Amino acid sequence: MPSPWRAVVIGFRRLFRRSAAARDLDDEVESYLEAARDAYRKAGLTPEDAARASRVELGSLTAVKDQVRMSGWESVVDATWRDVQYAARRLRRSPGFTVAAFLVLALGIGANVAIFSIVNALLIRPLPVEAPEELVFIDRATSTFTCCTVREANAYDAATDIFRGVATFRSQTSTLGVGPDAMEALGESVSTNYFGVLGLRPRLGRAFSTIDDVPGATPVVIISERLWRSRFDADPNVLGRRLRLASRDMVDSGWLYTVVGVMDKAFSGLDDPWRSTEFWVPRSQRQRERDQLNDADRLLPDREASAGHLVARLQRHVPAARAQAFVNTTHPAFGGPSLNNRRPSLDNSLNPADRLLAVRTSRRITLPMDSRGRIAPERLAAALMALAGLVLALGVTNLAGVTIARGIVRQPELTLRVTLGATRGRVARQLAIEGLLLSTSAAMGGVLLSRWLVTAFLRNLPARSFTAAFASIDVPMDVRVCGVAVVTAIATGLIVGLAPVRRISSGNLLASLGHASDVSPRRVRARLRYWIVLPQVAACVGLLLGAGIAVRALIAVATVDLGYKQEQAAMVQWAGRRFGVAPGASAQGSHEADTARQRQFNRRVLELAASSPELVAAGLTDALPTEAGRAGVINPARFAVSAGPIDVATAQITQGYFDAIGVRVLLGRGIDARDTLQSPAIAIVSESVAARLWPGRSAIGQSIGFHRGSREPDWLEVIGVVNDVRLPLSEGEPQPVVYVAMNQENALLRRSTMFLVARGKASGRDVASTLRSIVWHADPEMEIAKSQTLQSVIDDVRYARHFAVALLASSGVCGLLLAGLGLYALVSHSVAQRMRELAIRAALGAGRIEIMNLVVHEGITVAAIGSVVGLLLAFIGMHIVSHQVFAIPAVDLTTALIVIAIVAVVVVLAAVIPARRAARADPMTILRWQ
Amino acid sequence: MPTPTTDLIQGTLDLLILKSLSLQPMHGFGITQRIQAVSQSVFRVNPGSLLVGLQRLERAGLVKGVWRATENNRRARFYQLTAKGRKRLEHECSEWERRSGAIARLLESES
């Protein structure tokens, strides 16, 4: 066996001491020759004959030396290095092509890497926990309601033959701190075994333990690394410091939590992968807080018992199917023995199908743009990657086309080299190296560009308020991203470089050398023109169409009539139920007094707003028409009419609310001073409710009943009809809403939060600050949960949609750029190839117009056929995407026509410019030059 | 030359070089001469292949090349077997005998 080490050493010696190695080889061959001559002389030949014989014996000295030189591995390195130098020289010699190719490839690879790193960061990257493949999530099969009570979670946790551990988590937005420092942050309230089940350790401090569950334990919090850096200046002594948390959901006045740990930034919670979790608190402590508040406990017993989402780690060798079978047999919804004495009454209000539990092997990501969970993230990822791939494919085919075209020009050179003894492999290697040199340098540029693209993309998303949330998501440059960049670079380099090789061997040397550029017969040229330019046109049309539709969808979502006016309007939100409730001090029976205090506060706020010169109108509501719950309805409630129950959205409002938010009263009247606690209970319905319940009849004077559990409905009289509102993410469907008067509220549900909405004379931002000062004026102690312009509230909701559409649209723009560049290069190149023919025509007397006609005619033919094919492909592609991924709006005529017009202009321009040159130039010059 | 020369049998060059060198260290042409002489000019060694072969064997550590001055005061490279090369030669020889014996038996049974 060859000893590899010696071979390497000898090889390197030869590589780096090139002249010594050459001298050695010369000497060896010379001495061989000499020895042969001596031998022949000894055999009796004359010196001349001996010299000749030895020459014959040895053959060509150069060939022998070459043979020896080529034998070691270092000769490959050497030749490759020469090829690289040669390729660099060649690329330098045609700077136009090099720069264009570099740009096209860098853009294609950069866009690809950028899209992949975003997709990777958001959709593909596995959970950064220990052995994520062992984790399962237990959820309702069809809805996103949380599934289990605390007791059920504990019972699963005890089933150690199936699960190594079961933890619960539920996300909640809380206000951190007070005063000007207060900020909203997403947190999770989790069971104390949460980090244990996930196999995570904080980078500082400790995880939760069962001592935190002991009644009376100090409230503790684990914060994210980001929060640690931003709020505690990365203080290494942060452990033991206290953080004030006020939950928006739970409605409390805030509690002090002691920081016991800092979580590594790689882990950003389980609930919403698109936003990072900033803190974790033990569920039991949140529970205790609420028990002390007392009020909440009484009002929402079902949610009380709910533990949140369940995440479980399976025992080794237990398949998910067994866990599912176990859940099926134990959960009461299946008729199995209940793990709980009391069946959760939430289950009673759900459809039977919604009660089923599903054990899922991976985190089911519900994309924020799609609250009903219809888009599978893998599919979205696949669609985006396919798009990125298409963009890159366009760039590569462009370049391949151009290099094939250049290859035809270079064919005499290549054929000559083959004739002079270069093997086909050697020529192919040289061309491949040229392509690889180009593509790897472009890939480096592309990777740099992709970082810039990602940053620019995240910074320039339309919804500014969400960018902050998004910026917290790391878009890392991980191994996978680098791998994608490397693989694309190599693949593109090989494709681009080797495209012309296929043509070499067929070349006829004489023909190649004789007619420099006219080597390809007319038929081949035409084929080339059509087979390269046509798919380009088609792909270009397809991509542009996709991008156009995406942009149009964006505009459609942005311009859909929401039914209200968000400009110059703002809202402020506070915790409605904190009134008079001091922690631990609340006693049974104080409820009435609390309500009275709250009413008084509301009245005071409205009075202040009415007297404010900056405000035009103001009103209270307990539900904004901006954010739908998980079920896709703003604030779901069940009403009764004579025909039976209907499920609609509902909101309790005060006088002035419609004016403040900009909803118009179409029939009857809005709420006014006549509606008091003593007067008959009233309701106002939206158009779609009126049309559905009383088609063809007036809604005014009808009765509508509000259901509360099993009790008899409270009957309300409809006194007005207002226009419909739409959710910010919907393109069409209106939300059917029944509005009731808040000052008659004791007939209805009490909600936890309250919004003051107002319309002002100045900007929404000014209105928001006015509202804040009004609230603090009415009660200096009041904690404001949220204070925003209506526009930013809507932006918050729309961000994910914007994000997806922005991805689509930017890929489209990249595609357009690439396709346009490539199309132009190809068409103009193929026209340039006809220069000789055109020149002859000109010499034979063809006028400029005729020559132009000839070229433009061809351009238009290509554009027309390509457009038709492209449209067809686009239709098929969108049909597939619509069915497999998510609904894409139908192609409209305007978009299609605009796209075709753009492509036609590019193609015709690309044809006309070189044709003009041909028509203008002196035919003799061209003929001689060619 | 009276007898027509033939190219070496595929794969035997290394064996022949090793065998030639087993007697004494020699330079490239010496090996050529020896193969030609002993085979009575049946085999002819291509100098290019010989030098490549020597290089291959040297890299494998089977032979060792040393520069020496010739009578005409030129540098010439003399090759000698290493211990490893000697061992390899023995192995290759027995291998060759085994194979050629097998081929001879086959040919005999044929006739």
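The model is a predicted one. Chain A has 930 residues, of which 41% are buried, and chain B has 111 residues, of which 26% are buried. The contact between them takes 22 residues from chain A and 20 residues from chain B.

**The two chains**

- Chain A contains 30 helices and 24 strands.
- In chain A, 81% of the contacts between residues at least 6 apart in sequence join residues at least 24 apart.
- Chain B contains four helices and five strands.
- Along the sequence of chain B, these elements follow the pattern β-α-β-α-β-α-β-β-α.
- In chain B, 53% of the contacts with a separation of 6 or more are accounted for by residues 24 or more positions apart.

**The contact between chain A and chain B**

- Chain B gives 20 residues to the contact, and chain A gives 22.
- On the side of chain B that touches chain A, α2 (28–38), α3 and β5 of chain B each supply at least two residues.
- The element that gives the most to this side of chain B is α3(B), with seven residues.
- By class, the residues on the side of chain B that touches chain A are six nonpolar, nine polar and five charged.

**A pair of helices across the contact**

- Two packed helices are described by the angle between their axes and by the distance between those axes.
- Helix α4 (residues 61–69) of chain A packs against helix α3 (residues 47–59) of chain B at an angle of about 25°, and their axes are 9 Å apart.
- Because angles under 35 degrees count as roughly parallel, α4(A) is roughly parallel to α3(B).
- The crossing in which α4(A) passes α3(B) is right-handed.
- From α4(A), the residues Ala63(A), Val64(A), Gln67(A) and Val68(A) take part; they meet Pro47(B), Gly48(B), Leu51(B), Val52(B) and Gln55(B) of α3(B).
- This contact of α4(A) with α3(B) has six nonpolar residues, three polar residues and no charged residues.

**The three-stranded sheet of chain B**

- Three strands of chain B form an open sheet in the order β2-β5-β4, with antiparallel pairing.
- The edges of the sheet are β2 (26–27) and β4 (63–69) of chain B; each has a single partner strand, so one side of each is left without a neighbour in the sheet.
- Strand β5 (residues 75–81) of chain B is joined to β4(B) by seven bridges, and the two strands run antiparallel.
- Within this pairing, Phe78(B) in β5(B) is the residue opposite Val66(B).
- Helix α1 (residues 13–23) of chain B packs on the sheet and touches β2, β4 and β5 of chain B.
- The direction of α1 makes about 95° with that of β5(B).

**Strand β19 of chain A and its partners**

- Strand β16 (residues 665–668) of chain A runs antiparallel to strand β19 (residues 714–722) of chain A, and three bridges join them.
- Val665(A) is placed opposite Val722(A) of β19(A).
- Strand β17 (residues 682–686) of chain A pairs with β19(A) in the parallel sense, over five bridges.
- Val685(A) is placed opposite Val721(A) of β19(A).
- Strand β18 (residues 703–706) of chain A is joined to β19(A) by four bridges, and these strands run antiparallel.
- Ser703(A) has Glu717(A) as its bridge partner in β19(A).

**Two loop residues of chain A with positive phi**

- His317(A) is a residue other than glycine with a positive phi, near 65°.
- His317(A) is located in the loop between β10 (306–314) and α13 (320–330) of chain A.
- A residue with 12 or fewer other C-beta atoms within 10 Å counts as exposed; His317(A) has 6 and is therefore exposed.
- Gln568(A) is not a glycine, yet its phi is positive, at about 55°.
- Gln568(A) is located in the loop between α21 (522–559) and β12 (569–575) of chain A.
- A residue with 20 or more such atoms within 10 Å counts as buried; Gln568(A) has 20 and is therefore buried.

Terms used
Residues numbered from 1 in each chain as written. Chains lettered and ligands numbered in written order. Predicted model: local features only at pLDDT ≥ 70, side-chain atom pairs only at ≥ 80, totals over all residues. Axes fitted to C-alpha atoms, helices over the stretch in contact; angles between N-to-C directions. Parallel < 35°, antiparallel > 145°, perpendicular 65-115°, else oblique. Left-handed = near helix turned anticlockwise from the far one by under 90°. Contact = placed C-beta atoms within 7 Å. Nonpolar A, V, L, I, M, F, W, Y, C, P; charged D, E, K, R; others polar. Pairing = 2+ DSSP bridges.
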